[in-house]
Amino acid sequence: MEYTNEKQYWRGLEELHQEPKFVENAQKEFERDIPVDELLEQATSSALTSNRREFLKYLGFSIGAATLAACTSTPVKYALPYVVKPNEIIPGVANYYSTTFWDGLEYVAVRVKTREGRPIKIEGNPESPISLGGTSARSQASVLSLYDNNRLKNPLKDNKPAKWEDVDNAIKNALASSIGSIYLVTASTISPSTRNLFNQFADKFKAKIVTYDAISYSGILDANQKCFGKKSIPNYHFDKCEVIVGFNADFLGTWLSPTGNIRKYTDAKRLLDKKDMMLHIQFETNMTLTGANADKRIPMKPSQEGSALLALYNAIASQFGKPTLNGDGVKLAGNYIDVVASKLVATKGKSIVVAGSNDVNIQVLVNGINAMLGNYGSTIDMDNSLNYFQGIDSEFENFIADLESGKVKTVIFANVNPIYNYYNSSKLEGLLKNVETRVSFAPTNDETALLCNYVLPDNHYLESWSDARPSQDVAGLQQPTINKLFDTRQFQDTLLTWLEDKRTFYQYIKDFWKENFYSKEKGSFEDFWIQTLQSGYAELKKVESKSYEVKGDLLQSAASAINEIKSSGTELQLYVKIGLGDGSAANNPWLQELPDPITKVCWDNYVTIGKAFADKLGLKTDDVVNISAGSVKVKLPVWVQPGQTNETIGIALGYGRKSAGKAGNHVGMNAFPLVQLVNGTRQLHNHVTIEKTGEKYELAATQTHHTIMGRSEDILREYSHAQFTKLEKEKPVEYVTLWKNYDKNGHYWAMAIDLNACVGCGSCVVACQAENNVPVVGKKEILMRREMHWIRIDRYYSATGEGLNEQPEENPSVTFQPMMCQHCDNAPCENVCPVLAIAHSSEGLNQQVYNRCVGTRYCANNCPYKVRRFNWFDYTNHENFIYNPVDDLGRMVLNPDVVVRARGVMEKCSFCVQRLQAAKLAAKSAGTPMADGTATTACQTACPANAIIFGDLNDPNSKIAKYYHNERSYRVIEAVKTYPHISYMGKVRHQIDNPKV
Amino acid sequence: MKKFGIEKKYLILQRFLKLVSSIHMITLSIIKKLIIQKALVAVMLFFCFSQSFADVENGKKLFSGRCASCHAVDKKVVGPALAGIETRRDEAWLIKWIRNSSEVIKSGDAYAVKIFNEYNKSVMTAFPDLSDDDIKDILGYIKEEAANSGKDNQASAGGGGSSGVSQPPVDTDTLKFLLFVTTGLLLFAALALLFAAAILINVLRSREGKEPYSWSGTMKTMGDLMKNPYIAGSITFVILAVGSTKLVTHARSVGLHQGYQPIQPIAFSHKLHAGEYGIACNYCHVGVEKSKSATIPSANICMNCHNYIEKGPQYGTKEIEKIKKHYEQGKPVEWVRIHNLPDFVYFNHQQHVVAGGQQCQTCHGPIEEMEEVYQYSDLSMGWCINCHRQTEVDVNKNDYYTTVHNEWVEKKENAKKEGKEIKITVADLGGLECAKCHY
């Protein structure tokens, strides 16, 4: 069957409307032409004339100078061996250590690759029952934060360097004199030992522990306390679902446990060996990653979230013949709620309804719906719950009240930065000044630390011992992978010192584990400990997951509260970006340069606004506006975002740091002041007014760069589920070429990318950057279309013009496509290189030879996929590119197996040839055949969705041989006959018919 | 006037010839001296060897490889001093003991048990792989060494005097210099002789009453010859060809450092350790079979042996003290790196040594003969490629090749059926491709 698709695909509004600048740029690989004519004109008009004699003079001089320059002596290099070589280290061989990544938002079980004792790359821990081997962009980038020169290198007292001994004594005295009025403000911690330590600290000093999360999950915790008497967050098993309905919950992007969620979600959607897949409907305000991946996405205002859920509850209850709640709610978009209700009823017990709201009543209602559908005990596990968040917003409000009444004499901040991310930080700032002793454990001199008289820098997580209990049935360990780089101390050790406990925290954890997690049947404790360290986690006793009911009166009172919510004016929905998170990693240039999965903008936050609403207000992308809510005013540029709900706007949190470091300071604006406290919880929506300032601010978006030159046909393939079930394998395209055919003996590396699994999260982009020493170029260069990422994720909008979508930009569907060098057998780049710097290998790789390249850039012009990147500058040595590891400290993150490219050469994806070579060598040395799965690429192992399959196509037993050519397989712009080594599998979506529209 | 001129010249010539012949004599005597010196060394070495029946050289190798970490000849280290061992027990007993001491102890041999208890019941390593002859060689070496050290002691006790055994090595640099000077002198002598002959011819001619030759006339004919375009052209061509070849070879060697031999902070001798003692390369260079870098040994590896061996044959305690100092102070030794590749080249020792089965000497040259290591190969890309073109891969030997490159296995078999042998080289398996070394 010939593939046909009447859909129109576009990457941005400028392409949809064919704006002149876009059309002009689309024909060019590079931003600018070399201004030859201009130069010549200048030369003739000015005194810059030269004659033959002068030319010869210059020629002679330059040859002479070059000869002299070449005469410099070669520097003497030294080789310093270890004095006593540690047994486990062989220089040149990587070691891997299991540990735990937790940044206050997300838990990922990781394996850290270290070389000569330096962590250089994060890999997922494939055995972890929580993150399931995937990684996130933030966990991938965390290794760079370790070598951040902005980290504090010693403790500070009144902003001056101090000695640990002195500050310890001073604080011990302060603690002794303020017993009973000590407050320890901490972010949620998943470490049970640390929590135990906190309690011990609280007992001894009669201190209060205040748990404060920048992004609060207090609503769910309170609702579960009310409904089930358990202050915890359940474990959602998306993989067991047939229907998922989300309400403003970006569970694939940033909500709860995205890395594990993505794997479970895509497992339910994976069509490799089965024909059925889960149905996902998302109601949301902003266009999020989750909405982009849904089968059906329905725009909804934040104020409608509660009433839509109420309508859903009543619709389901009436179908089950159960009592309904007071109020009608809103049936969004022409009764879609009824459609959803009937789908949910039909798949009773195999569905999940989630809402992202931090409103207790809304979460009570969601619990009611899930309980009614019998999801507790089957898809939602309340008994082996997640331990991620413990922050209760009222606790922090009480702390503020205590500050006001002067009850606080000593305050200790652990892992929190409320001066930056508390909505009313100006008030907090004023109150803090009255506190006698203010201590921060911040690793950098952040906004809160600046106000403290003691800053006792914490270690980076890769330097620390800790443990984790991500869920009730899993415990994990965190171990240091490098010695401390600076004179820092992990805050648990600091607390132990103050408690006069002679143990180190390492010993403390060991003792705690012996007491709590170890039992005799696991063998000796030492064995159990070593085994856990090695695997990174230990499985604890799993409780049987039970089903739950929610009391009717609870639901009734929640419903009446929801009926009170009114919608008025412009509504704002704040969100968290997958890159920066809550802003604590703002000084990580890899994350700043990671394009947002939806807008593809980097290095900024902005106001997302729908096309219709923007037209109404007379706004265009790059217009600067003032957003005000009450007395709070935030000035930001506008980004016209397809799919944004009408009369709403969205702003990302985590930007506008003032004291983050070189890369993170003053990037975007801080939107935390726009958070509002409603019914005792901090909520991420608000009512705002928009005021145009008339200023302009250019945003750096990458999506309309590298546009494949107007060849828009057959880049993407998308099927409805009905179409998919009828699909048959296409015949492989006949190989026609003018060139000599390559023998396909030996290895034949190939990749298959499942577009139905790829959610577009961007982990692969950062993983590739870390593995291949890809430089960061900064906003200015990105505006000139000079980003260096070897792999990009193209985001395409599409609309059929039916039903709701009279205007294509109102609510387009979104498809993601990872794009990197396709390693064509008939590669257009190879033929045009005048110096043969691109060669084809017998294993099918398109080899870019940096030391041979002279930088003509012909290859980039001739590449139909636009995946070649040119080094315009010496990014790693030039003072203007401060984001790169330009100092000795930062250089420690570089992968020593991959060369750092010089200025003026072309580079691109190499299929991680260094990893392939290493895997081959391992097989050769052992004298065994090469096992499938031993050769991997960085993007493949980083992918939380398992969307990338890689291997040797000539190995008949390999996974790639099985899936490289199936009924959904196609190759991008196959008609060009480049014969790429990467095959894509088309995206499949359920078509939801709504007869009432 | 003219006649007298010639006579005068004749006189000058006579003196000159005398000078030339004396230069000749001096040169000859230098060469003679060198030859005699060498011969003397050879004769002395011959005498040394012929003194005992056991293969002392083999014994020495075995002793340093197997025994030296616990035993010394003239003092107690971990085990007893071995001088005079042949007088303590008979040879048969010693062979049994050295091969497996525990068995001798188990058998209840009184002397064995006594020794065992005396040395805190530390068990001596068993060497089941040593043949009787090997052990005899070791014993022979011990005897020899004991005798020598006895002589040494006597000599030094007798108030100085050279040992007479060690011979300073012939310095190659001096040799080269002498050769250069000698060649120069000979060349000068030859020119002078030519000049003399020219004068003599004219003297003879004038005595015979003939016109003397006008040598300037010959020069003139030479000048006329140069005007011939063919001759001038060919000479220019030769000059250009030689010059450009030289230029290209020189330009190609820019950045190559063949023969680079920096002075190292410690005068470590590979000749002694790898050559004379025959210590395996991977005993110190531990990474060579496991990693991309062979690794420079860490100080603790040196100390494995030098905890016991405190004195070297050449520098005594001076150089060994240095390594001890580094070890005790925890400071790494700053060795000067000899083999440097550019950053854009990936080289892996494991690949070449384990997978490729190459000897260290293939690239590093006769390392076991180097007193101080120098860069043997030029490490240019052409040199790498050349080896990849010539080196054969046995595809049948390794399961990796038999599965991945089964097409070559088949080709080889088919060729065999036809009675032909085909050579499969590294290049055939993709060893010339860019991304094998550049990424």
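## Two open sheets in chain A

Chain A has an open four-stranded sheet, ordered β40-β33-β42-β41, and its pairing is mixed. At its edges sit β40 (948-952) and β41 (969-970) of chain A, each pairing on one side only. Strands here are DSSP runs of E of at least two residues, helices are runs of H or I of at least four, and both are numbered from the N terminus. Two strands count as paired if DSSP finds at least two bridges between them.

A quick word on the source: this is a predicted model, where local features need pLDDT of at least 70, side-chain atom pairs count only at pLDDT 80 or more, and totals for chains, interfaces and linings use all residues. Residues are numbered from 1 along each chain as its sequence is written, while chains are lettered from A and ligands numbered from 1 in the order in which they are written.

Chain A also has an open sheet of seven strands, running β7-β6-β18-β17-β16-β8-β9, again with mixed pairing. Here β7 (160-161) and β9 (208-211) of chain A are the edge strands with a single partner each, so one side of each has no neighbour in the sheet.

| Strand pair (chain A) | Sense | Bridges | Partner residues |
|---|---|---|---|
| β17 (residues 437-440) and β18 (residues 454-455) | parallel | two | Ser440(A) and Val455(A) |

Now for the helices. Lying across β8 (182-186) and β9 of chain A is helix α7 (residues 192-205), at about 165° to β8(A). Helix α14 (residues 393-404) of chain A lies across β8 and β9 as well, at about 125° to β9(A). Angles run from 0 to 180 degrees between N-to-C directions, with axes fitted to C-alpha atoms, for helices over the stretch in contact; contact means C-beta atoms, placed from the backbone, within 7 Å.

Technical notes: Contact = placed C-beta atoms within 7 Å.
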